[in-house]
Amino acid sequence: MKILTVIGARPQFIKASIISDSIRRHNTKGKRQIEDVVVHTGQHFDYNMSQVFFDELGVTAPKYSLDIHSATHGVMTGKMMMALDKVMIAEKPDLVLVFGDTNSTLAGAICASKLHLPLAHIEAGLRAFNKKIPEEVNRILTDQISDFLFCPSQQAVDWLKNEGIVNNVFVSGDVMYDSVIKFSSREPSPTVKNIIHKMKKPYAVVTIHRADNTTDSKRLKQILKTLQQLIAEIDILFLVHPRTSKKIIEEQISCEGINIYEPLGYYDLLQLVKGSQCVFTDSGGLQKEAFFLEKPCITLRDETEWVELVKQGANILAGADEDKILSAYQALKNKIITNNNIYGDGRAGDKIISILHQLVPSQLNSII
Ligand code: UD1
């Protein structure tokens, strides 16, 4: 059985490492072997946004690197589709696997669907109920055409049901939890030790990259200004995504008093979160990583797909609003967070591979 996995953006490299691992484990058990063919669209391309994850996490090395990035959403998705179509026709996989909600996800999903290749979506069913968010459109469309849908939680299954999607929907748990369990117990690297050593006070980890917070710099300025008000109490450790960095430089936005670093590798990020007091982020992945590592999270968005975290008080939605950010920090700063396995038991990858192994037909039903 051949699985063709399409990845392209930072969080997908982390999720793919768990699936690569589960495939390797499956293959050692002498069952019908699974061939793991990985395609990297190129959406993320800087070393610390891409290659560092392959070096650290043991993702199967990409057989195809498409080098498509830095374009408008339509152009990027279109170019990816043109290239992926050729790859899928050449590889004739038994299944195409996509993760999450990026442009790479959508491009892979549409190509597979047009070729009648069975399609599996990991992290299916998440909704923010705001179609202005590019990720929301990507995930709704991908779910609609997927044949196997792996949901991190029951809530995601319910949301799919509301859209009439009920066949081959599974609560697998979240592969991100598998990866936090697997990678968070490592010794901190010299880089992390060095960063932590420089902090004089308890510190907060901050990431901002969403289009919402960076396209128009008003929100970004407001968030940074608000975080600067907290400097007397905590150190702010800001890991700056290239999109955000461009905006800060272009508009000369003040980051005075904030500790600025380039994005870090996955081990380093987990270690920094582990040592932190709390997290401020607009990233979907980091909201959960904070929770898995039992740290409070102030989410710099107006909505979240991870509603379970908000319901149980581990996460507060503060958007870019000064008062909300400051009061969320006060409410959460000393709160004890308990990871109560709402996103599975840390074995989502093995469950997904076992289900796919049982259900994906070995005979091709595609049109290629
Ligand atoms: C993308 C995903 C988002 C995911 C995020 C993780 C979509 C619509 N969005 O957002 O869901 O949470 O990845 O980080 O797919 N850039 C670089 N170097 C890089 C990567 C990006 O300079 O290695 C630049 C790009 O050229 C572009 C900007 O950053 O100008 C944004 O990159 P893009 O991939 O379009 O979206 P992200 O904001 O990273």
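**View 1. Ile23 and the residues it touches.** Setting aside neighbours within four places in sequence, Ile23 is in contact with Ile3, Ile34, Asp36 and Ile353; contact here means heavy atoms within 4.5 Å. This is a predicted model, in which local features need pLDDT of at least 70 and side-chain atom pairs count only at pLDDT 80 or more, while totals for chains, interfaces and linings use all residues. Residues are numbered from 1 along each chain as its sequence is written, and side-chain values use heavy atoms, leaving out hydrogens and water. Ile23 belongs to helix α1 (residues 10–28). Helices (H or I, at least four residues) and strands (E, at least two) are DSSP runs, numbered from the N terminus. With a relative accessible area of 2%, Ile23 is buried (under 20%; exposed is over 50%, partly exposed in between; 1.4 Å probe, protein chains only).

**View 2. An open sheet of seven strands.** Follow the order β3-β2-β1-β4-β5-β6-β7, where the pairing is parallel. Why do β3 (64–65) and β7 (169–171) stand at the edges? Each has a single partner strand, so one side of each is left without a neighbour in the sheet. Two strands pair if DSSP finds at least two bridges between them.

View 3. Strand β1 (residues 2–7) runs parallel to β2 (residues 35–40), and six bridges join them. Look for Leu4, which stands opposite Val37 in β2. Helix α16 (residues 348–359) packs on the sheet, touching β1, β4, β5, β6 and β7, and its direction makes about 165° with that of β6. Axes are lines fitted to C-alpha atoms, for helices over the stretch in contact, and angles run from 0 to 180 degrees between N-to-C directions.
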